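Here are my notes on this protein. Keep the sequence and the 3D view open as you read.

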Amino acid sequence: MNSISVLHIDLFQSGKNTSDFYFNTMKDHLVSSHKHIEKPHRHDFYVTVLFTKGTGIHEVDFHRYDVSEGSMFFLSPGQVHSWELSEDTDGYIFFLSQEFYDMHYINQHLRNFPFFSSVNFSRKLQLEKKYLNPMVGLFEEIQNEYYSHNLMKEGLILSVITKMYITSSRLFSKEYNTFNSPVSISYLKHYQDFETLLEEHFTKEKSISFYASLLDISPKHLNRITQTMVQKTATEVITERVVLEAKRMLMYLSESLVEIAFRLGYEEYSYFVRVFRKTSGITPTQFIQKYKS
């Protein structure tokens, strides 16, 4: 069985720095790493990108985002992405592993930041002009440390990254109004626990009652949480996660539609097609034609 390409940080390293962290300008990254990123792929690390020049499209899990000056993107491990960018594209990009961050921060986790906390939250933050230069300054500070031999450089890099993520979280929250109430903040932990369970069981378990039972809450309360956090019912969140995996498999695996449906827990192919079409607006065959044309 073929699999979706998973890239590791050491593919991008020159051997001079830790394998848990990588930094580059977008201009140099696109040149030096083109052989790794010319096709849609997924990472096993966290990615942060800031575009300072250029235009194009950045597609993350089949959601298309416009790229322009001030576009900032945050990708979690496992997400499939690709991009089509103009030749004058520039900016900054860095990768870091969960272990690299956790080793220095015991009480702070990457999933605490809203743009990393759920696959259902937007992956893009569009910076206004007044916020762009200060953000560029943080990237430049990381860049200077990355290529230095300074004492405790990893600690300084991570402190700057944390400042960047906190600043981005405040801007993100203003833009999306998802975390601006005490109720929303208290629901986030439950919602993340739900998504963690969903990642483990979605191919076999698709009922609200199953997940609500594991969370020790009622199905009604689970629906209330998902409606508050992502404006969707729990059933919609479950179904969309299954369909997202179906799209990944349809694009990148050489298996039949029937085999993919069976692997995702659908014994009846016709029912899988109905679910896919209801969620995506097109059939699996039409999806393949659209993305492979």
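How many of the residues of β2 are buried? Read on to point 3.

1. **Ground rules.** This is a predicted model: local features need pLDDT of at least 70, side-chain atom pairs count only at pLDDT 80 or more, and totals for chains, interfaces and linings use all residues. Residues are numbered from 1 along each chain as its sequence is written, and side-chain values use heavy atoms, without hydrogens or water.

2. **Overview.** The protein has twelve helices and ten strands. These are DSSP runs, numbered from the N terminus: helices are H or I with at least four residues, strands are E with at least two. Of its 293 residues, 49% are buried. Buried means under 20% relative accessible area, with a 1.4 Å probe and protein chains only.

3. **Strand β2.** The answer is five of five: β2 is mostly covered. Phe-21, Phe-23 and Thr-25 are buried on one side. Tyr-22 and Asn-24 are buried on the other. In a regular strand the side chains alternate between the two faces of the sheet.

4. **The sheet.** Five strands form an open, antiparallel sheet in the order β2-β9-β4-β7-β10. β2 (21–25) and β10 (124–126) are the edges; each has a single partner strand, so one side of each lacks a neighbour in the sheet. Neighbouring strands are turned by 10° against each other on average, direction ignored.

5. **Pairings.** Two strands pair if DSSP finds at least two bridges between them. β2 and β9 pair in the antiparallel sense over five bridges. There, Phe-21 stands opposite Leu-96 in β9. β4 (residues 46–53) and β7 (residues 71–75) are joined by four bridges, also antiparallel. Leu-50 stands opposite Met-72 in β7.

6. **Helix α4.** This helix covers residues 129–146 and has 18 residues. α4 lies across β2, β4, β7 and β9 (90–96), at about 120° to β2. Such angles run from 0 to 180 degrees between N-to-C directions, using axes fitted to C-alpha atoms, for helices over the stretch in contact. The buried residues of α4 include Leu-132, Met-135, Phe-139 and Ile-142.

7. **The core.** Which residues have the most contacts inside the largest nonpolar core? They are Phe-21, Phe-94 and Tyr-165, in a core of 87 residues. Helix α9 (residues 234–252) gives the most to this core, with eleven residues. A nonpolar core is a set of buried Ala, Val, Leu, Ile, Met, Phe, Trp, Tyr and Cys residues joined through side-chain atoms within 4.5 Å.

8. **Tyr-165.** Contact means heavy atoms within 4.5 Å. Leaving aside neighbours within four places in sequence, Tyr-165 is in contact with residues including Phe-74, Phe-94 and Leu-96.

Note on methods. Expected span 1.5 Å × (residues − 1). Buried < 20%, exposed > 50% of the residue type's maximum accessible area, 1.4 Å probe, protein only.
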